[in-house]
Amino acid sequence: MVSELDAQSPIGEVYLRSLLRSQLRLALGITAILVLTVGALPLAFALIPSLRHAHVLAWILLGGCCYPVLIGLGIAYVRRAERNEQHFHELVDR
C-alpha cells in the first residue's frame, strides 16, 4: 500500500483524500465548539446588561474559563489528529 502512495496512484489519492477529509472534519468540529463556547462570551456580555458592569466577573470568565477551554480543545485536537494519522498508518501498512 505504501507503494500506492509513493507512485501517486488513484488508490493512494483516495487514501490521502480520506485522511485529509477526516482531519478537516476534526478541525471544523473543534472550531465549532470554540465558537459556541468562547465566541458566545461577547454575545452574553452584549445581551445581559448586568454582565457589562461586572468587571470582576468578566475578567474571571475571560481569564479563568477561556484559557482552560482553549488548552482543552488544543489537547483534544492533537490527540484526535494523531489518532486519525495512526488509523491511516495502520490502513496503509496492511
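# Reading buried, paired and patchy residues

Visitor: At 14% relative accessibility, does Gln23 count as buried or exposed?

Guide: Gln23 counts as buried, because its relative accessibility is 14%. Buried means under 20% relative accessible area, exposed means over 50%, and partly exposed lies in between (1.4 Å probe, protein chains only). This is a predicted model: local features need pLDDT of at least 70, side-chain atom pairs need 80 or more, and totals for chains, interfaces and linings use all residues. Residues are numbered from 1 along each chain as its sequence is written, and side-chain values use heavy atoms, without hydrogens or water.

Visitor: Where is Gln23 found?

Guide: Gln23 sits in helix α2, residues 10-37. Helices are DSSP runs (H or I, at least four residues; strands are E, at least two), numbered from the N terminus.

Visitor: Which side chain makes a polar contact with the side chain of Gln23?

Guide: A polar contact is an N or O pair within 3.5 Å; within protein, one atom must be able to donate a hydrogen and the other to accept it, and residues adjacent in sequence count only through side-chain atoms on both sides. Here the partner is the Asn84 side chain, at 2.9 Å. The Gln23 side chain also reaches the backbone oxygen of Ala81, at 3.5 Å. Now take contacts, meaning heavy atoms within 4.5 Å. Leaving out residues up to four places away in sequence, Gln23 touches Ala81, Asn84 and Glu85.

Visitor: How many salt bridges does a search of the whole structure find?

Guide: Side chains of opposite charge can pair when their charged atoms come close. The cut-off is a Lys or Arg side-chain nitrogen within 4 Å of an Asp or Glu carboxyl oxygen. The search finds one salt bridge. Glu13 and Arg17 form a salt bridge through their side chains, at 4.0 Å, N to O. These two are four residues apart in helix α2, so about one helical turn separates them. Glu13 is partly exposed, at 39%. Arg17 is also partly exposed, at 45%.

Visitor: Which residues make up the largest nonpolar core?

Guide: In soluble globular proteins, nonpolar side chains tend to be buried together. A core joins buried Ala, Val, Leu, Ile, Met, Phe, Trp, Tyr and Cys through side-chain atoms within 4.5 Å. The largest here has five residues: Leu41, Phe45, Leu51, Ala58 and Cys66. Leu51 lies in helix α4, residues 49-53. Leu51 counts as buried because its relative accessible area is 15%. Beyond its neighbours within four places, Leu51 is in contact with Ala44, Phe45 and Leu57.

Visitor: Which residues form a nonpolar patch on the surface?

Guide: Patch residues have over 30% relative accessible area and no salt bridge; like charges join within 9 Å, and nonpolar side chains (Val, Leu, Ile, Met, Phe, Trp, Tyr) within 5 Å. Here they are Leu34, Tyr67, Leu70, Ile71 and Ile75, with about 470 Å² of accessible area together. Areas come from the Shrake-Rupley method with a 1.4 Å probe, counting only the protein chains shown as cover for residues. Helix α5 (55-93) gives the most, four residues. Ile75 is in helix α5, and counts as partly exposed at 42%.
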